[in-house]
Amino acid sequence: MSLEQMMWIAAGGALGTLLRALITMRFRGLFPWSTLFVNVAGSLLIGLLVAWARFGPGLEHWQHGFDIGGFCGSFTTFSSFSYQTAVLWREGR
């Protein structure tokens, strides 16, 4: 993997993390709806991008790393889902 590819992945990851944090801050409540939303939306986006890469005109190599590995990977982290599920369980919700 080249330095350029790593930089594209890192840039996508930074944007995905930032967007996830903004959505989470905006929609706070008793149930972590923001986590559900970002995981569903991000999974749908990953599916669309993979289909586009496979059956459409395709993605450039840098776009694949930026979009799927970087942005979607950081946007849909399973660790946030796991943590919030454990908190809900502990609180009896």
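Okay, before anything else: the model is predicted, so local features need pLDDT of at least 70 and side-chain atom pairs count only at pLDDT 80 or more, while totals for chains, interfaces and linings use all residues. Numbering starts from 1 along each chain as its sequence is written, and side-chain values use heavy atoms, with hydrogens and water left out.

Let's start with helix α2, residues 33–55. Helices here are DSSP runs of H or I, at least four residues, numbered from the N terminus.

Now its partner, α3, residues 61–75. The two pack at about 165°, axes 9 Å apart, with axes fitted to C-alpha atoms over the stretch in contact and angles running from 0 to 180 degrees between N-to-C directions. That makes the pair roughly antiparallel, meaning over 145 degrees. From α2, the contact (heavy atoms within 4.5 Å) uses V38, G42, L45, I46, L49 and V50; from α3, D67, I68, F71, C72 and F75.

So who else touches this pair? I23, over in α1, residues 3–26, touches S34, F37, V38 and F75, leaving aside residues up to four places away in sequence. I23 counts as buried, because its relative accessibility is 13%.

Note on methods:
Expected span 1.5 Å × (residues − 1). Parallel < 35°, antiparallel > 145°, perpendicular 65-115°, else oblique. Buried < 20%, exposed > 50% of the residue type's maximum accessible area, 1.4 Å probe, protein only.
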